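Here are some notes to read alongside the structure. Keep the 3D view open and take the points one at a time.

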Amino acid sequence: MNEMMTLAVDSGGLAPLPTMTPDEALVEAHRCLMCWDAPCTRACPTSIDVPGFIKRIANSDLIGSARAILESNILGGSCARVCPTEVLCAGACVLHDLHERPIDIGRLQAFATDDVVFGDVDLFVPRESTGHSVAIVGAGPAGLSCGAELAMLGHDVVLYDANDEPGGLNTYGVANYKMDKPTALREVEFVKGLGVSIRPSTTIGRDVSVEQLFSDHEALFVGVGLGSVPPLGLEGEDLDGAEDALDFIAEVRAGGVDLSGQRITVIGGGNTAIDAVSQASRLGAEHVYLVYRRGRDEMKAYPHDIERALKSGVEFIHWSAPSSIEGEGSVSALVCQRTEYSAEGKLVAVPDSEFRIAATMVLRATGQEKLVGFLDTLEGVETDEGGRVVVDDGYRTGNPKIWAGGDCVNGGKEVVNAVAHGKAAAASIDESLRPGAAGR
Amino acid sequence: MADLSVNICGLESPNPFWLASAPPTNTGEQIARAFDAGWGGAVWKTLGEPIENVYSRYSSVDINGQKMMGFSNIELITDRSLEDNLIEIEEVKRRYPDNVVVVSLMVESNPDAWDTIIKQVEQAGADAIELNFGCPHGMSERGMGSAVGQVPEYTCDITGWAKASATVPVFVKLTPNITDITVAARAAKDGGADAVSLINTINSITGVDLDSLVPRPVVGDKSSHGGYCGPAVKPIALNMVAAIAADPYTDGLPISGIGGIATWQDVAEFILLGATNIQVCTAVMHYGYRIVQDMHEGLSNYLDSKGMASVNELRGLSVNKVTDWQNLDINYVVKASIDQEKCVNCGLCYIACQDGAHQAIAAERTAEDKTMVKVIDDLCVGCNLCSLVCPVQGCITMQERELGQTHMTWNEYLSDDKPGELYPRPKHGLTIGRA
């Protein structure tokens, strides 16, 4: 593939890119070649008919366009904003090979769906109740997707979520420049409008027992995601200013955070680390560092996000691992060591290579832990050696009444993957509740 | 740099680019600006008994975001006084003696009316007159425009009246709203026309406003059929120009080509099919007089590349390359060829051939999950469709096959002494149903 061409220019500001104007959308929609067996659709985990929805925009049928998207992906509104389209649909666009800018599929999708997801256009008519009831634990993207699909089929659905506000990582863990928190919460309202009940601030095992779940409902979908980023075991990790990068992002999303004068250091090389540094540099931090123990090519973050972070002034410190955090009461510096590959190909610390990075905050983005504790309370639900829930093709666990999807199954991927899991699980749950009823 | 000057029925024009009778030639001030921009001639917006227009007069057809691919109007002839127009004609000719000013005319069907106005415009200095027998809207309801052009006898008679009055050349502008354009052209010739101009606009409804349910252009709660023009009509115009150029009856009758011309390529095509010069309206209504600069340079560069010193060398070279289907070589074989290096794997040729043509392209997924297309040579009928839908320049080409076939027309094929065998062509047998 050719070098990735950039999509709409990121303003570098705090706000997500503005919605397309009708004129912009029309021009962009007309650029689509309408490929047969389109590579963009094949690249989408939820198989959205991309040329189909774009053609409908071109033909001024926004309702039809929104339906084409949302019937494949009920969270099409947030996926339009948070999907790494550069490596999915837009990355597969054949216009790359014509040395042209790929179709800006994400923003077209937002244009098509906003009136339905965030406006007052009612697209989906509730079905008559089937009388079946399903519990969903975790109101993140997987749970919302599964719940929405089941509700649209006429099942009663209750989502239980431990947080104060539903939406999972869409609400708490996405960088603001992709999607702000009010937008995430408005999409949750849209899902509620499809007939889903949500019980926030409800922890299973504490506020509601697993036994209670099964006495109230016939099936359970687990979309609990992952836990927090565990401490690295460094000296000084208890100082003020040393925290989980996800907590930092959640604080930023709550609003009112001013980082002027702060020196922020983020440890890690994945998407959470990139989101944290990008967010920090946009909030006026004096200096933002990303510390990663290997080279840039080995970072798990997407190249386009890395580019964006570099452009916003983040300094990357490669081949370095943290050894301790210094400070009195609060963080003043991160102490690191250089790293290298040994002759055996093992990553090792370089002797006598210690250096200090002056820092007022040290954020760890070194991987979320699995919620093994909760999963252990579910009889028959097995996890693999990586702590991921084991499921079949229909996302059913070893317990025939329990399904699972999202990060707790794949170990942490995109919102769109979670949506795909929830949708497939919903179909499987429906089939188990009403054998042979699908498509009726 | 090739010589672009042309002579059409005695009128010397510095180049073949004229403005057609239409809103861009409504006033002397506009025509002066057009001549400054480089137009060789202009046909003055039709004079006659001044009329009043309706508000809202134009509508268009946009295709895939391309604006005004087709354009329609319900505007009538000039709404300005004859006196003002005559003063301006005189002034324009005084300032631009080397440019051609033709004045379009449309009056009621009696010889005196024609005689009076022809004398007036000649007095003002018109180099020629053009009889507007073409407009299909409004004026036709009053017995003028296409109401004349659609009846060969009227066309002949009124052309005769004009010729009897005029001392300058008489152009007859033909309406395409007929079944056979050569009948109209013959009638004009019989009436003594010095040249024909074509095509005028095509009767049309461009669309319907889906909110108010009123067709476009909307005039209150109604619309009216209008005259259609613009790039969409060019193929129709080319066919009509070629038909007149090829008709022995009208051999030598100069043609001023009109219909969707916007670029130098369009100009070259009209001239190749027999036009002596051309007239432009819609493209100027879209982009302004400045487009003539591109026409000028483009046509000149093209003639240079062909080693031609004058645009006149181009005239009519394609006329005898249009023939009846029965004269085509049915043993001419082409097959599609796909350049896999250029292919971007969009699959459009596959689905076009599969659903829209002859099922002669196969598609499969490669190991890299791309759509790989291949021509099934034995099934390819060489229809061109795949090469037409392909978005990549030069990716799908139609390649001629030299297979030792003998040149053979349909009639030769039917005759007793065939010159050779019919080269086999792919054909579906029974596809569904009981054998």
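1. Let's begin where the two chains meet, remembering that this is a predicted model. Eleven residues of chain A are in contact with 13 residues of chain B. On the side of chain A that touches chain B, the most is given by helix α1 (residues 22-31) of chain A, with three residues. By class, this side of chain A has seven nonpolar, one polar and three charged residues.

2. The average pLDDT of chain A is 93, and 96% of its residues score at least 70. Residues 1-13 of chain A have a pLDDT below 50, although this stretch has 23 contacts in the model beyond near neighbours in sequence. Where pLDDT is low, the predicted coordinates should not be read in detail.

3. Now colour chain A by domain. Domain 1 covers 22-117, domain 2 is made of 133-227 + 369-433, and domain 3 covers 242-364. How far apart are the centres of domain 1 of chain A and domain 2 of chain A? Taken over C-alpha atoms, the separation is 26 Å. Their contact takes 13 residues from domain 1 of chain A and 20 residues from domain 2 of chain A. Helix α5 (residues 76-82) of chain A gives the most to the domain 1 side, with five residues. That side of domain 1 of chain A divides into eight nonpolar residues, four polar ones and one charged.

4. Two packed helices are described by the angle between their axes and the distance between the axes. For helix α3 (residues 50-58) of chain A and helix α4 (residues 62-70) of chain A, the axes come within 8 Å and cross at roughly 170°. α3(A) and α4(A) are therefore roughly antiparallel to each other. The crossing of α3(A) past α4(A) is left-handed. From α3(A), the contact uses A:Gly52, A:Phe53, A:Arg56 and A:Ile57, while α4(A) brings A:Leu62, A:Gly64, A:Ser65, A:Ala68 and A:Ile69. By class, this contact of α3(A) with α4(A) has five nonpolar, three polar and one charged residues.

5. Stay with α4(A) and look at another partner. Helix α7 (residues 105-117) of chain A packs with α4(A) at an angle of about 100°, and the two axes are 8 Å apart. That angle makes α4(A) roughly perpendicular to α7(A). Which residues of α4(A) meet α7(A)? They are A:Leu62, A:Ser65, A:Ala66, A:Ile69 and A:Leu70, facing A:Gln109, A:Ala112, A:Thr113, A:Asp115 and A:Val116 in α7(A). The contact of α4(A) with α7(A) has six nonpolar, three polar and one charged residues.

6. Chain B has its own division into domain 1 (6-321) and domain 2 (325-414). The C-alpha centres of these two domains of chain B lie 40 Å apart.

7. Finally, some backbone details to look up. Most residues other than glycine have a negative phi, and most peptide bonds are trans. A:Met34, which is not a glycine, has a positive phi of about 65°, and A:Met34 is found in the loop between α1 and α2 (39-43) of chain A. In chain B, a cis peptide bond joins B:Leu198 and B:Ile199, with omega about 10°. B:Ile199 belongs to the loop between β10 (195-198) and β11 (202-204) of chain B. B:Arg216 and B:Pro217 are also joined by a cis peptide bond, with omega about -5°. Look for B:Pro217 in the loop between β11 and β12 (226-229) of chain B.

How values were computed
Residues numbered from 1 in each chain as written. Chains lettered and ligands numbered in written order. Predicted model: local features only at pLDDT ≥ 70, side-chain atom pairs only at ≥ 80, totals over all residues. Domains from an automatic or database assignment. Contact = placed C-beta atoms within 7 Å. Helix = DSSP H or I, 4+ residues; strand = E, 2+ residues; numbered from the N terminus. Nonpolar A, V, L, I, M, F, W, Y, C, P; charged D, E, K, R; others polar. pLDDT = per-residue confidence, 0-100. Axes fitted to C-alpha atoms, helices over the stretch in contact; angles between N-to-C directions. Parallel < 35°, antiparallel > 145°, perpendicular 65-115°, else oblique. Left-handed = near helix turned anticlockwise from the far one by under 90°.
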